[in-house]
Amino acid sequence: MSKVLEVKDLQVSFKTYSGEVHAVRGVSFDLDEGETIAIVGESGCGKSVTSQTLMRLLPSPPSVIKGGEVLFDGKDLTKVSEKEMEKIRGAQIAMIFQDPMTSLNPTLKVGDQITEGLMKHHKMSKSDAKKKAVEMLKKVGIPSPEKRINQYPHQFSGGMRQRAMIAIALACAPKVLIADEPTTALDVTIQAQIIDLMKELQKDIKTSIILITHDLGVVADIAKRVVVMYAGKVVESGTLEEIFYQPKHPYTWGLLASMPRLDQTSDQELLPIPGSPPDLFKPPKGCPFAARCKHAMKICLEEMPEATKVSSTHQVACWLEHDMAPKVEPPAAAVG
Ligand code: SF4
Ligand code: MG
């Protein structure tokens, strides 16, 4: 399968009055055509900063891309001009957010928000774009689309706004869709509908999806590969099966143990991970998870563990993978 996107050693900082926040510290992953990957981690781990950097949405200053590459369609998106980025953003890489109100324009009719992109990027006539807008709203399951295209976002319910946002994002058939916590604000039934909808549209439009989430339950439903981030770094990545059934990183164990499972009996407790992530003004020189890790050794505090290959698809950055390290099994709550 061919790769649509390659992120290599991406580093992003924010310059503030109190110093520099090292938000993304060497993140690498790639995305195949038509594939869905999930980037998971707690808030502040750098997952949203990573995705917004792919779209070049972060204002600079205060954000600075300190290093690395984002390869898309033969170009390094960290280096292309803003003018070139405007042709890519929305047309070839689109994004949906947790709160549709941040990406829907409250002063524009929903239909116009769909036709705008089509007329700009696909040079469609107004009437063709309008037909396409109706078709897109129908596709995302919005009833009476002919009427709905003339309404404003506030006339839509929360779930419908989310659907409208997906319709706008996918109207131009982007190669990559970035979905940042797309279902977090929705109730569970609508969450499931939105995930199903994304899966269906993906088959149809063949878009590759990057799903950003803190919720491993959503991941299991849709992603084939998982990238686990912590304190601006990728600590583990692998196929869905590898991450769910053979997790290697103590942070991944913690995430899994804190997630409700279908096969869980009600007396099994969910275990949150005690402690908090390190200060990214001054990231630790060793493993970023050391302060919260039950298995931390002396070396963990002194040296950053490199990513080690566990299989051709599975990588983990933890000193426990070292030959000399003690053997530690994941807790039962993590692998159920
Ligand atoms: Fe824990 Fe050390 Fe592994 Fe970090 S490198 S997760 S501190 S065992
Ligand atoms: Mg976020």
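Predicted model: local features only at pLDDT ≥ 70, side-chain atom pairs only at ≥ 80, totals over all residues.
Strand 7 (residues 176-180) and strand 8 run parallel and are joined by five bridges. I then looked up strand 3 (residues 36-40), which also pairs with strand 8 in the parallel sense, over five bridges, and there I37 has I210 as its bridge partner.

Next I asked myself which way the residues of strand 8 point. S208, I210 and I212 point one way, while I209, L211 and T213 point the other way, and all of them are buried. I reminded myself that in a regular strand the side chains alternate between the two faces of the sheet. Because six of the six residues of strand 8 (residues 208-213) are buried, I wrote down that this strand is largely enclosed by the rest of the structure.

I turned to the domains, and found the protein chain divided into domain 1 (3-223) and domain 2 (229-335), with 28 Å between their centres, taken over C-alpha atoms. Domain 1 gives 23 residues to the contact and domain 2 gives 17 residues. On the side of domain 1 that touches domain 2, strand 2 (19-32), strand 3 and helix 9 (216-222) are the elements that give two or more residues, and strand 2 supplies the largest share, 10 residues. I sorted this side of domain 1 by class and recorded 11 nonpolar, nine polar and three charged residues.

For ligand 1, I listed 14 residues around it, of which C287, C293, A296, C300 and C318 come nearest. The shell has 12 nonpolar, two polar and no charged residues.

Last, I checked the backbone, keeping in mind that most residues other than glycine have a negative phi, and most peptide bonds are trans. A cis peptide bond joins S60 and P61, with omega about -5°, and another cis peptide bond joins P61 and P62, with omega about 10°. P61 lies in the loop between helix 1 (47-54) and strand 4 (63-72). R56, placed in the loop between helix 1 and strand 4, is not a glycine but has a positive phi of about 55°. D9, in strand 1 (residues 3-16), is not a glycine either and has a positive phi of about 50°.

Are R56 and D9 buried or exposed? R56 is buried, because 21 other C-beta atoms lie within 10 Å, whereas D9 is exposed, with 12 within 10 Å.

Notes. Residues numbered from 1 in each chain as written. Chains lettered and ligands numbered in written order. Near = placed C-beta within 6 Å. Nonpolar A, V, L, I, M, F, W, Y, C, P; charged D, E, K, R; others polar. Buried ≥ 20, exposed ≤ 12 C-beta atoms within 10 Å, placed from the backbone. Helix = DSSP H or I, 4+ residues; strand = E, 2+ residues; numbered from the N terminus. Pairing = 2+ DSSP bridges. Domains from an automatic or database assignment. Contact = placed C-beta atoms within 7 Å.
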